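I opened a notebook page for this structure and set down below what I looked up, entry by entry.

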Amino acid sequence: MSASQDADESAPLLVAPADAVAAERQQTRGLCSKRTGLWILIGAVVLSGLAFAVTFLHPRHSRGPHEPHGPSLVREAQAEYVLDLLRELEKIAKSRSEYGGSRSTTRGHGASADFVVGFLQNHTDFRVWKQPFKVWGQVDSAKPVLVARPGSADAAAAAVTAEKVYAPEVDVGVAVGSASGALSNAIAVHVMGCEPVDLDVFKTRRSAVAVVGVDGSPARTAVSAASTVGTYVDTDPSVGPTDLPPRRLSPAPLGAAPSCPSACARAAAAVRAGAKAVILYPRPTAYGYPWTLPPARRLRCADPADFAALQAVPVVSMSQAAGWDLLLRTIAPEGLRVDLVVNSTYGLVETVNVLAETPTGDPDRVLVMGSHLDTVEAGPGVNDDGSGAMATLELAHAFYRSGLYNHTVQKVRFGWWGAEETGLEGSRYYVDDLAARDPDELARIKLTLDTDMIGSPNFVRGVWDGRGVADAQLRGPCTVIQEVIERYFDHVGLPSVPFRFNGRSDFASFMNKGIPAGGVITGEDEIKTHEQAELFGGVAGMVLDPCYHQACDTVESLRGPGVRVLAENLAALAHAMEYFALEADVVGLLSGTKAVA
C-alpha cells in the first residue's frame, strides 16, 4: 500500500469540489515525495552502515590495532590471488618431465625463481635481483629399483611369499646422501641394535642389506649430518607448540642398546659391520601416521662419522605401508632377499635467492619479509612453502598497488630463499655473505618476518614464540613481533598459540646473526593434540599437514580449512608487515622503550 492511499483513508468522508480534491491530491503527492525521499535517505544510510560492517569489521578485512586510516594492507592483500599464484607454482612443477612434479633445487626451482622475478618486474617498480650461490646437490639419474623375493628356493615358501616389486617414488625413494650401487639377491636383515648379535650376520654374508626402522615422525628421515644452524635447532622430535604438552613418540626399538639409540647409529653400525646397503622404514608413532609415500628421508646423524659411513652405500626409504610389508617378509621363516639399484650423482649445483626491495624507506632500517621457494623432491610443495612464498609475493604486490610503499618508514626487502630444504642454505648464504662482505648492511636489517607453511589443513594457528627464545638479547624484540601478531588475532577474534622456534626454517639464519624474527605457522609434521582440536577444530591424533613433504602437497590438498587459515594468516602477516614498515621508531619498539600499540 502506498503512502498516498494511507493519506486518503485517514481524511474525513466528505464530498469536496473537484478543484479541492485536485489541490488535496497535489498536496498529498508533495508529502509523499518528501516522505519517500526521507525513506530513501534512511535506507541509504543503513545500507552504507551494513556495507561498512561487512567490509571493515569482518576478520579478514578488519583494521588491526595501530593501523592508520587510509590504505590498509590487510584489506588490499587477497587470499584469492595467493591461490592463483599457487596454481601457477603447481603448473611449473608439472610443466617438464625432468622436474618429476617437484620444484626442488635440482628440478623446478629455477623456473619458480624466474616466475617470481617476472611477476615483480611486470607488476611493481621495486628493485629485483637474483643472488646466485652453489650447493652440494644430489641428482638421482634414474628411479630406484627395489624387488623382494623369498630367501628360500623352496617352491612352497615361494608360493606363500611371492616376489614383490615396490613402486619407485611411491613405495620407495632414494635417501638424501645415498651412494649409487646395485645389489642382486642380497639377504635382508632387520637391525634392532648395535650388539654383536645384531651385526654378526653382516660379517658372514658377502651381500646383505640392513633394514632399519626410524622412530618418530617419518618426515624426519634423511641422511644428513647434524645441523649447524646454531642455537635455534630443534634436536628433539617431540617439540611442538609450547603452550600444550609435547607429543610423545613411541619408545626406542625393542633391543636397541643404550649406546645405539638412534636409527642413524644402528644403520651406520650395520654398514661398518659389512652391510652393502640400507633400507629405512618409518615405524608407527604412538598416534599412528598415515604415510602413503616415502617420507623426506631426513635421518639426523649426531655423529659425523655415522654420516660418513652411510654416504658410502645405497640408502633408500620406504613408505609406511610398503615398509611394513617388507618387514613382515624379513621375519618369514625362509627369510628375504632383495634386488636394489640406486643411481645418484653429486656435485656443486648453482641455485639462486630472489630478492626485491622498495625504492622508498630508510635504507639504514630494513625489514626483511622472507620465505623459501624450493621444495623437497617428493612434490610441488604448495603448502611447504608455496603458501608462504606466494603470500610474500602477494604482500609485495599489495604493498605496491595500494601505494603504501610510498609511505613506508623502513625500507622493505622481500626474500625468496633457495635450498632451504637441504639445510637453510639460501638464507644462510645471504646473511653470511653480508657478514663477510658488508657487515654494516647486515646491521641495517632490524627484523625479519618468516612465512613458512601457513595453510596446513589440520592446522594450529601458531605464532613463533619470542618469549621462549633462550638468547636474552633476542628474546625481547622477538616477543614484540609475537605480541603484534597475537594482538591482531585477538582483535579479530581468532585464537592462536605460541609455536616454539625449532630451527627448521629460515628465521634461524637471521637469528644466528642477532636479527630478531617472527611470523606465523600452521604446523608441519607435528601430531595434533586433543586440546588443539578443541581450540582449532580438525582431527586429533593426525599430523597437522597430512601431505607434508609428499607428492600430494597440492592446491587441492589445502581443502577448506587450509584455504581459510591461509587467508587469516595472510591478513595477520599484512598487519605485521604494515605495522613495522610504517613504525616511526621501530628500533625503540623492538628494544622495549616504546610499547606495542
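**Entry 1: the disulfides**

I began with Cys264, which is buried because its relative accessible area is 1%, under the 20% cut-off for that class. I note here that the model is a predicted one. I then asked how many disulfides a search of the whole structure finds. The search returned two.

In one of them, Cys264 is bonded to Cys301, and I read 2.1 Å between their sulfur atoms. I looked up where the two cysteines lie: Cys264 is in helix 8 (residues 263–273) and Cys301 in strand 8 (residues 298–301). The pair links distant parts of the chain, 37 residues apart. For the handedness I took the torsion about the S-S bond of Cys264 and Cys301, which is about 105°, so I recorded this disulfide as right-handed. Cys301 also counts as buried, at 1% relative accessibility.

I turned next to Cys547 and Cys552, which form a disulfide with their sulfur atoms 2.2 Å apart. Cys547 is buried, with a relative accessible area of 9%, whereas Cys552 is partly exposed at 28%.

**Entry 2: aromatic pairs**

I ran the search for aromatic pairs over the whole structure, and it gave 17. I followed up the pair of Trp417 and Phe510, whose ring centres are 5.7 Å apart with the planes at 50°, so I noted the pair as tilted. Trp417 belongs to strand 12 (residues 410–417) and Phe510 to helix 15 (residues 507–511), so this pair ties together parts that are 93 residues apart in sequence.

Tyr430 sits in helix 12 (residues 425–437) and Phe510 in helix 15, and the pair links distant parts of the chain, 80 residues apart. I found Tyr430 to be buried, as Phe510 is.

I noted one aromatic cluster as well, formed by Phe126, Tyr400, Tyr405, Phe414 and Trp416.

**Entry 3: charges over rings**

I looked for charged side chains placed over aromatic faces. Arg127 lies over the face of Trp129, and its distance from the ring centre is 3.9 Å. In another case I found the charged end of Arg461 over the ring of Phe489, at 6.0 Å from its centre.

**Entry 4: backbone geometry**

Which residues does a cis peptide bond join? I found Asp384 and Asp385 joined in this way, with omega at about -10°. Asp385 lies in helix 11 (residues 382–401).

Asn185 has a phi of about 60° although it is not a glycine. I located Asn185 in strand 4 (residues 181–190), and its relative accessible area of 34% makes it partly exposed.

His549 likewise is not a glycine, and its phi is positive at about 60°. I placed His549 in the loop between helix 16 (530–536) and helix 17 (555–582). His549 counts as buried because its relative accessibility is 4%, under the 20% cut-off.

**Entry 5: a nonpolar patch**

Trp136, Tyr346 and Leu348 make a nonpolar surface patch of about 370 Å². I traced Tyr346 to strand 10 (residues 336–357). With a relative accessible area of 31%, Tyr346 is partly exposed. That value matters for the patch because its members need over 30% relative accessible area.

Technical notes
Residues are numbered from 1 along each chain as its sequence is written. This is a predicted model: local features need pLDDT of at least 70, side-chain atom pairs count only at pLDDT 80 or more; totals for chains, interfaces and linings use all residues. Side-chain values use heavy atoms; hydrogens and water are left out. Patches are made of residues with over 30% relative accessible area and no salt bridge: like charges are joined within 9 Å, nonpolar side chains (Val, Leu, Ile, Met, Phe, Trp, Tyr) within 5 Å. Accessible areas come from the Shrake-Rupley method with a 1.4 Å probe; for residues, only the protein chains shown count as cover. A salt bridge is a side-chain nitrogen of Lys or Arg within 4 Å of a carboxyl oxygen of Asp or Glu. Helices (H or I, at least four residues) and strands (E, at least two) are DSSP runs, numbered from the N terminus. Buried means under 20% relative accessible area, exposed over 50%, partly exposed in between (1.4 Å probe, protein chains only). Rings of Phe, Tyr and Trp (its six-membered ring) pair if their centres lie within 6.5 Å; planes under 30 degrees apart count as stacked, over 60 as edge-to-face and the rest as tilted. A charge sits over a ring if NZ of Lys or CZ of Arg is within 6 Å of the ring centre and within 35 degrees of the ring normal. A disulfide is a pair of cysteine sulfur atoms within 2.5 Å.
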